[in-house]
Amino acid sequence: RCTRDSAVVALGGGVVGDLSGFLAATYMRGVPVIQIPTSTMAMIDSSVGGKTAINVPAGKNLVGAFHQPKIIFADPQVLRTLSRREVVEGLAEAIKMGVIRDAELFKLMASDPERIMALDDGLLQEVLYKAVGHKAKIVEIDEKETGLRATLNYGHTIGHAIEAIVSPRFLHGECVSMGCVAEADLACRMGHLPREAIAEVRACFQAYGLPVVPPAGLTVEKLMEKMAVDKKNQGKTIRCTIIKAVGESFECPLPVPRETMEEVLRDMLAAVP
């Protein structure tokens with residue numbers, strides 16, 4: 001029997017961490033949680049920052065709470081038990097971090113994808129240190145995602161909409177990859193990003209074997225419906241993290257004209273093989 005002096009230990013990937021964290025946040029109005037991430041996605045992203053949630057039919061992470069772990073213990077050696085696909089989908093979040101905050105991290109990931117995917121000790125430690133360090137710093141400034149922390153959702157507005165439809169056939173990081181490329185196009189159309197940067201972002205995700213366009217069968221209407229419940233929205237206005245260059249983004253999400261978003265989605269779907 002668990003009491004208020006019990007603790008929840010989340011040993012596993014992102015789903016285990018999110019579910020365990022949500023349980024810890026709500027049981028007896030909150031008990032401690034310890035995160036021990038065993039996937040690339042969990043180490044780089046989901047175990048850090050205290051976001052806990054569960055998915056519901058309406059969309060991802062709509063039921064949840066902020067509940068910081070007492071400690072995070074991450075051993076990169078456990079990543080060697082994962083399939084290549086599982087390793088790579090988590091690396092999508094590190095590429096994303098490079099795009100929004102750290103041009104040097106992006107260059108590192110773009111320059112040696114094979115060694116990083118092979119979990120080269122030195123390179124992997126550098127990627128983890130940089131990506132996790134950036135996220136921890138942002139969370140320290142904006143724990144409850146009132147501004148700066150929302151920039152970590154680059155690629156997630158479109159990516160979550162795709163994921164809500166195609167999961168579990170596609171993994172979270174794969175959907176984020178698609179979303180990052182589409183949202184680079186969005187930033188360009190809004191006049192903030194040079195067009196050549198889109199190709200740079202796309203090429204880096206492709207170098208890791210990540211998908212950059214969604215599968216067949218999606219529609220603009222269905223994606224817009226899923227985006228309507230995105231947590232960054234203000235009223236009926238969709239807001240997105242907008243990048244200005246590789247390694248630089250606006251510090252808060254910007255409102256996106258509905259017609260511009262629909263154009264981006266329409267062209268993204270037109271590129272589906």
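Author: The crossing of helices α4 and α9 is left-handed. In this predicted model, α4 comprises residues 103–111 and α9 residues 195–207, and the two pack at an angle of about 50° with their axes 9 Å apart. That angle makes α4 oblique to α9. On the α4 side the contact involves F106, M109 and A110, which meet E200, V201 and C204 of α9. Sorted by class, the residues of this contact comprise 5 nonpolar, no polar and 1 charged.

A second pair is formed by helix α3 (residues 84–101) and helix α8 (residues 172–189), whose axes come within 8 Å and cross at roughly 40°. The helices α3 and α8 are therefore oblique to each other, and their crossing is left-handed. Helix α3 contributes R85, E89, A92, E93 and K96 to the contact, while α8 contributes H172, G173, E174, V176 and C180. By class, the contact of α3 with α8 has 3 nonpolar, 2 polar and 5 charged residues.

V220 lies in helix α10, which spans residues 220–227. Its relative accessibility is 10%, so V220 counts as buried, the cut-off being under 20%. Leaving aside residues up to four places away in sequence, V220 touches E262, L265, R266 and L269. For one of these, E262, the C-alpha atom is separated from that of V220 by 6.6 Å, although the two residues are 42 residues apart along the chain.

Definitions and conventions:
Residues are numbered from 1 along each chain as its sequence is written. This is a predicted model: local features need pLDDT of at least 70, side-chain atom pairs count only at pLDDT 80 or more; totals for chains, interfaces and linings use all residues. Side-chain values use heavy atoms; hydrogens and water are left out. Axes are lines fitted to C-alpha atoms, for helices over the stretch in contact, and angles run from 0 to 180 degrees between N-to-C directions. Helices (H or I, at least four residues) and strands (E, at least two) are DSSP runs, numbered from the N terminus. Angles under 35 degrees count as roughly parallel, over 145 as roughly antiparallel, 65 to 115 as roughly perpendicular and the rest as oblique. A crossing is left-handed if the near helix is turned anticlockwise from the far one by less than a right angle, and right-handed if clockwise. Contact means heavy atoms within 4.5 Å. Ala, Val, Leu, Ile, Met, Phe, Trp, Tyr, Cys and Pro count as nonpolar, Asp, Glu, Lys and Arg as charged, and the others, Gly among them, as polar. Buried means under 20% relative accessible area, exposed over 50%, partly exposed in between (1.4 Å probe, protein chains only).
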